[in-house]
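This report sets out selected features of the structure shown below, by topic.

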Amino acid sequence: MAATPDAARYARLKDLHFELEALPEAQRTPRLREIEATEPEIGAVLRQRFAGSIRALDILDRAEHRERDAATPQLPHYRIVRELGRGGMGRVWLAERELDGARQLVALKQIALAGWSDEDERRFQRERRILATLDHPNIAALVDGGRDAAGAPYLATAYVDGQRLDRWCDDRVAPRRERVRLIRDLAAAIAYAHRKLVVHRDLKPANILVSADGVPKLLDFGIARLLDEDAITATGPSQMTLRYAAPEQVHGDRGGGVGVDVYSLGVLLYELLAGNSPYGKVDGTAALIRAILDAEPVAPTRVAGPVDADLDAICLKALRKRPEDRYPNADAMLADLDRWLAGDPVDARRGERGYRLRAFLARHWLAVFATVAVVAGALAFVAFHVATLDRQLAETERERDKAKAVASYFQELFASANPGATRDSDLTARELLSRSVARLEQGDTTTMGDDARASMFHAAGRIMAHQGLADEAARMFDRALDLWLALPEVPENDVADAYNERARLLFGRGEYQESLRLMQTALARREAMGDVASWQLGGLLQQTSVTLRALGRNAEATATLERSVAILAQQLPDSRSNYATALGNLGTFMVIEGRVEEGHAKLKEALEQLGQLKPERTPAVLALTRNFAMSLRELARFEEADRAYSALLARQRAFYGEHHIENARTMHSFAQTRLVERRLDEAEQLLDGATAIEVALGNEDDPRLLAYQADRARIRIAQQRYQAAVDLLAPVLVQRERGVFSERSFADAERAALAYAQCRLAPSPELAARIREAVVAMQKSPPLPRMLVPQAEGWARDCAQS
Amino acid sequence: MGANLDDITGWLVDWQQGDALARDRVFARLYAEMKRLAASVLRSESGHDTMQPTALLNDALMKLIQARAPDVEDRGHFIRVVARAMRQILIDRARRKLAEKRGAGAVPESLDDIDVAGMGSPHELVALDDALSALAKLDARAAAVVEMRVFAGLTIEETAKALDIHPSSVNREWAQASAWLREQLGDGRHA
């Protein structure tokens, strides 16, 4: 080759090239030899050219592929009738397939070679696999697939003799109802595909043909994606039609969940109702992208009346910019379209904007709203729930970005779970969680900032905590804290929340001291912020008080709780659920401390506050009602107490079922009331019931059983079966000595009872002294029921006299 | 910012009606539009090998040509300008990428983060650009054919229409010129 290509050489080369090319193949070789003889350098170049051994050059090859794509495919058993259409991906022909004498019209699809790559190949094979799994009256069925002579794969689907969706409607001037019905049928097909884990991602009129009798069929799953596949299979906007694309597709979000199809259905519905695009008249790609991302469409039936607010709501709900604000899946949209067709009120109009997010979060965060019982014979506090629902939601909505990240994360998580569940019923919430956490930890949520990631760890931690996965939850909270504390601007509210929940896990494990330490860290951070009255501070103080109580620092606990209640009262009505909980706890503390009237009033108000919350916080209401019934007993209003307990038990059984720990707690509290009333048989039956539940739940080692046993012993004393009472009480007290957690007052009462029973068997001054000693302790720190104190005082006199 | 394609079509009418300024305006705006178009497409596609900016350009061009074609000479010129613009954009990117690789420092330009697959490696692009410039000096028509096919994504038939020559001529020119270009890139001077 020439080192410096000059004009003469080039001209000569070109002339000879043209000459050779024009020659028939047979004459080319002799002519080449002639050239080589006289012009060896140019001859060698030309020989290479015509031998086809030229350098491959991607850029030039692709230009040539475009040409080859214009040719029709040659396939055995197929006769090409005509071209049906072409798009970015390739071309589609109408072909007649003849096999074993059977003839069928098919749509034959091949991918353009110009864009051909390994990934295209995979995608094409995937479409074939996807289609093979889909069998639905509104989806064009797969007929055949394979490779042509050149090795290029092809797909054949049943040919649908119909018109494009939009033209079909235009030609018939189809009434509105008919248009909605078409979209409804398509939504059914899409919902079906979603259940098969397939997202279509390219819904548009060109992909939807309607037969003469009005049956719409979905074609072309060319860029469909399997929900459980990795993002490698996803493709960008260059392969879809922008006008029907969802904002997240335009953003280049490679995944794109079921929300993408919901959005496209919304655009289709909009166009059929309004007669124009939701974006109005927009020209140019950039303008269209802007409109997709930002423009809020006018209600479609306002564009082309008569106005139908329900239909507008359905359409606009599908067209929300954020996937989590749309219908969660095609099934939900289908259900609403069916409601409209049936004349029922539609879901889309329920509540204000953001309803879905609220409802979604409420479903999961309500679960976090749990009650924690202080392990002690007779009482259970309605403990803090840290995820203060109402304010939490308000906060969440304020912090839009994070809310979006968290919600779409869960949205995706659960959207992908639902179809999965039908295929694989073993897919548990737990597996889902660990799957999602793995994703979080891999950090494939690259669009997310550290703050948002921390929020997700936090949210995942809450759900795990609720699922009883304490260790995993603790790890999640720690990850969230690490991320948040490293931010240039530390989000103190979130940090305090995370500390709080981390502390709560420790509390659950009985590590009260460490739990308290974390609480105090959070409190100190709040004080440093100058926080004296926020709802978060109120919540923190509430939890701190419960922890203090568990550590036996009762006076501090009550004072802390009073401060919490005062703060939360200022934040009403937003703090209502938190306030009610704190107030209920305070009322309970007061009853225990002997401020029975005051405590009863607080419990009553707490119940009233809780009653105003929608949806009802049933577990909290039930737990508070138990303490309320107990306060009635302490006030010696036995008839009311009995009625309250009976009603409560019935409600609990309906809510929790038969064997639930909460039922056992209520039965125990009720049993103590019966005991005070000296209705011994009923008391014993209730204790039997409570014990049976604990045994059924495998709680034989729980300290609660000691309290049951002590109460059984009290029944024996009342029955004057003193030896039986001693046999029951002695092991209880051995356990108490070992320091199994309890309120000290219970051990005092149990000691008094044991000494009394022993005294009745064999009186002695020593035993009388032991009772008196216990009585003094009980007077200082009275147990519940408080009637145990005068009873023990009576025992002390009895024993001394005998 | 930028004119949309409808504006440009409107200017084409002015141009046809003899407004000399309109012609400059079309070129200037079209270049800007192409750049913007390429940028937005490149940006929205975060780096996979499905990008085909030429296919996109092709759509836009065909619309323009069919809508209001200026006279034959102008039409060819017009498409060349577009192809030239696209070439310029892609080559600039490729050169910057190469410069970065040699450690000349990063240029903060969003387009640079993205590989335009199907348009070859930066090396290949730059080498092709050089060779194509050389070809233009030797054979302007052949270079125009290559430019239109490679950078504006035109088929043989479309190129023929744009240049107002017979498709078989385009085919011959292309076959010869692309062979020559492959040879130039293959001899090691550009690799």
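## Chain B

Among contacts in chain B between residues at least 6 apart in sequence, 68% join residues at least 24 apart; contact means heavy atoms within 4.5 Å. The model is predicted, so local features need pLDDT of at least 70 and side-chain atom pairs count only at pLDDT 80 or more, whereas totals for chains, interfaces and linings use all residues. Residues are numbered from 1 along each chain as its sequence is written, chains are lettered from A and ligands numbered from 1 in the order in which they are written, and side-chain values use heavy atoms, with hydrogens and water left out.

Chain B contains eight helices and zero strands, and its pattern along the sequence reads α-α-α-α-α-α-α-α. Helices (H or I, at least four residues) and strands (E, at least two) are DSSP runs numbered from the N terminus. Of its 191 residues, 54% count as buried; buried means under 20% relative accessible area, exposed over 50%, and partly exposed in between, with a 1.4 Å probe and protein chains only.

## Salt bridges

Side chains of opposite charge can pair when their charged atoms come close. Because A:Glu96 lies in strand S2 (residues 90–99) of chain A and A:Arg79 in strand S1 (residues 78–86) of chain A, the pair ties together parts that are 17 residues apart in sequence. A:Glu96 is buried at a relative accessible area of 18%, while A:Arg79 is partly exposed at 48%.

A:Glu562 forms a salt bridge with A:Arg595, and their closest N and O atoms are 3.2 Å apart. A:Glu562 belongs to helix H23 (residues 554–570) of chain A, and A:Arg595 to the loop between helix H24 (576–592) and helix H25 (596–611) of chain A, so the pair links parts 33 residues apart in sequence. A:Glu562 is partly exposed, with a relative accessible area of 33%, and A:Arg595 is partly exposed at 28%. A:Arg595 also meets A:Glu598 in a salt bridge (3.4 Å, N to O); A:Glu598 is partly exposed, with a relative accessible area of 37%. Elsewhere, salt bridges that share partners join A:Glu178, A:Arg181, A:Arg184, A:Asp185 and A:Asp338 into one network.

## An open sheet in chain A

Strands of a sheet pair through backbone hydrogen bonds, either parallel or antiparallel. In chain A, three strands form an open sheet in the order S6-S8-S9, with antiparallel pairing; two strands pair if DSSP finds at least two bridges between them. Strand S6 (162–164) and strand S9 (216–218) of chain A stand at the edges with a single partner strand each, so one side of each is left without a neighbour in the sheet. Neighbouring strands of this sheet are turned by 35° against each other on average, direction ignored.

S6(A) is joined by three bridges to strand S8 (residues 208–211) of chain A, and the two run antiparallel. A:Arg164 stands opposite A:Leu209 in S8(A). Helix H6 (residues 165–172) of chain A packs on the sheet, where it touches S6 and S8 of chain A, and its direction makes about 100° with that of S6(A). Axes are lines fitted to C-alpha atoms, for helices over the stretch in contact, and angles run from 0 to 180 degrees between N-to-C directions.

## Selected helical and loop sites

A:Ser545 sits in helix H22 (residues 535–550) of chain A and is buried at 0% relative accessibility. Apart from neighbours within four places in sequence, A:Ser545 is in contact with A:Ala557, A:Thr560, A:Leu561 and A:Phe589. A:Leu572 is placed in the loop between H23 and H24 of chain A and is partly exposed at 30% relative accessibility. With neighbours within four places in sequence set aside, A:Leu572 is in contact with A:Tyr579 and A:Gln609.

Conventions:
Salt bridge = Lys/Arg side-chain N within 4 Å of Asp/Glu carboxyl O.
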